[in-house]
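Here are some comments for a colleague who is reading this model for the first time. Please keep the sequence and the structure open beside the text while working through the points.

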Amino acid sequence: MLRAEGLTAIRGERLIFRDVSFTLPAGGALILAGRNGAGKSTLLRLLAGLVRPDAGRLLWNETDALLDRTEHGARVALLGHQDALKPGLTAAENLAFAARLSGRDVGEALAALDLVELAELPARMLSAGQKRRLALARVSLSAAPLWLLDEPTLGLDDMAVDRLGFLLTRHRDGGGMIVAATHVSLPLRGAETLRLNAA
Amino acid sequence: MTGMIAILSRELRLSVRHGADTLAALLFFLLIVSLFPFAIGPAPETLGRMAPGIIWVSALLSAFLSLDRLFGADFEDGSLDQLLLSGVPGIGIAAAKTLAHWIVTGLPLLLAAAPLAVMLRMPEDAIPALLAGLLPGTALLSLFGATGAAIVVGARRAGMLLPLLVLPLVTPVLIFGVAAADAAATGQSPRPHLLLLAALLMGALPLCPLAAGVALRGAAE
């Protein structure tokens with residue numbers, strides 16, 4: 001269970017958001033809404049332990065999650081607004097690192113996002129949507145219980161969104177949690193919405 | 001440990017795929033060293049006398065070529081976040097990256113130094129001392145260099161800042177490295193200089209990855 005208590009983020013001199021609190025049970029999903037610049041990406045990076053909150057606490061099963069950020073990192077699979085792909089490596093090679101960490105199968109993750117035929121292509125040859133799918137395949141490879149997704153549908157076609165929906169449901173059925181920042185509706189049943197207002 | 005090996009193998013695979021970048025440091029090293037005989041004349045006594053300095057300075061500059069990409073590329077495309085979330089502590093990430101840099105840059109420089117020393121007519125007795133100095137020397141360049149690279153990652157003009165930050169740190173390495181080869185060339189023992197280099201290495205081995213790891217966490221914030 002992930003619980004946020006009064007999280008506040010300040011970048012430079014600017015207050016991004018304050019007093020963000022929520023509880024996310026196992027199998028739960030949370031959608032972050034809000035205008036551009038409202039701090040959705042910052043909140044996701046904060047939940048990943050990459051950024052420290054300026055006030056408030058983040059609790060994982062009632063213990064401070066950010067006490068050991070390395071350990072917390074292993075609980076998290078992050079899809080940032082960048083795809084974090086290496087253009088010179090093939091699609092399959094781009095996933096090799098994540099697969100090695102989790103011990104899962106690259107082929108299965110590629111199949112889940114309909115990328116099998118592109119497996120041997122260098123990532124630089126992929127289209128924007130295909131790159132996004134590859135980045136999503138990396139998330140699905142990880143054994144982390146908490147998925148943090150920043151605009152996961154960016155550049156995806158309808159069929160890919162359906163596949164994403166299937167992955168999200170499967171992850172939640174296995175007790176996983178999802179926090180997603182998005183402007184479009186995501187196939188997340190019973191998800192709560194947290195609206196961030198630009199401060 | 002599994003995570004560190006995974007990072008190391010990822011780095012090495014990337015180096016193989018970006019072969020041109022990988023070879024750039026070695027080619028640069030061969031080129032600058034080869035320019036010296038043209039610039040200062042082919043007289044063996046002058047060249048042989050200057051050879052240790054030429055090789056050391058050239059190796060040092062060559063090792064810098066790829067440094068700002070060591071973490072810079074991962075920072076720009078978001079891979080650094082993925083590394084930091086891999087469950088490997090910052091010190092482990094930095095250590096694996098540093099080792100990869102040494103294998104890809106330091107080791108080839110070390111191997112190329114022997115034929116270049118012969119080319120510059122360096123006294124034969126001094127060549128083992130030169131190589132014995134370059135072994136910890138190149139490792140120190142990778143360690144200090146990676147630390148500097150981790151500190152400037154994300155900064156504007158990181159490529160400019162990096163030499164300013166790291167060159168003063170590696171000056172002692174240069175001094176002792178050249179002194180070891182010079183001592184051997186003049187019939188003295190290179191041992192004290194080599195021991196000092198080894199001592200520097202023993203200090204840098206734990207401290208540099210530690211500092212670099214903390215800097216990487218800071219860069220991601």
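**Notes on the core, the interface and the sheet**

1. Leaving aside neighbours within four places in sequence, B:Leu216 is in contact with B:Phe71, B:Leu80, B:Leu84, B:Gly90, B:Ile93, B:Ala94 and B:Ala150. Please bear in mind throughout that this is a predicted model.

2. B:Leu216 also belongs to the largest nonpolar core, which has 139 residues, and it is among the members that touch the most others, together with A:Leu148, B:Ile55 and B:Ala150. Helix H7 of chain B, residues 126–152, gives this core its largest share, namely 15 residues. As background, nonpolar side chains tend to be buried together in soluble globular proteins.

3. Where the two chains meet, the contact takes 20 residues from chain A and 19 residues from chain B. On the side of chain B that touches chain A, helix H1 (2–17) and helix H5 (79–84) of chain B each supply at least two residues, and the largest share, six residues, comes from H1(B). The residues on this side of chain B divide into six nonpolar, seven polar and six charged.

4. Chain A contains an open sheet of four strands in the order S2-S1-S4-S5, with antiparallel pairing. Its edge strands, S2 (14–24) and S5 (63–64) of chain A, each pair on one side only. Strands S1 (residues 2–11) and S4 (residues 55–60) of chain A pair over five bridges in the antiparallel sense, and A:Leu2 stands opposite A:Trp60 in S4(A).

5. Helix H1 of chain A, residues 40–47, packs on this sheet and touches S1, S2 and S4 of chain A, while its direction makes about 125 degrees with that of S1(A).

Conventions
Residues are numbered from 1 along each chain as its sequence is written. Chains are lettered from A and ligands numbered from 1 in the order in which they are written. This is a predicted model: local features need pLDDT of at least 70, side-chain atom pairs count only at pLDDT 80 or more; totals for chains, interfaces and linings use all residues. A nonpolar core is a set of buried Ala, Val, Leu, Ile, Met, Phe, Trp, Tyr and Cys residues joined through C-beta atoms within 7 Å. A residue is buried if 20 or more other C-beta atoms lie within 10 Å of its own, exposed if 12 or fewer, and partly exposed in between; C-beta atoms are placed from the backbone. Two residues are in contact if their C-beta atoms, placed from the backbone, lie within 7 Å. Ala, Val, Leu, Ile, Met, Phe, Trp, Tyr, Cys and Pro count as nonpolar, Asp, Glu, Lys and Arg as charged, and the others, Gly among them, as polar. Two strands pair if DSSP finds at least two bridges between them. Axes are lines fitted to C-alpha atoms, for helices over the stretch in contact, and angles run from 0 to 180 degrees between N-to-C directions.
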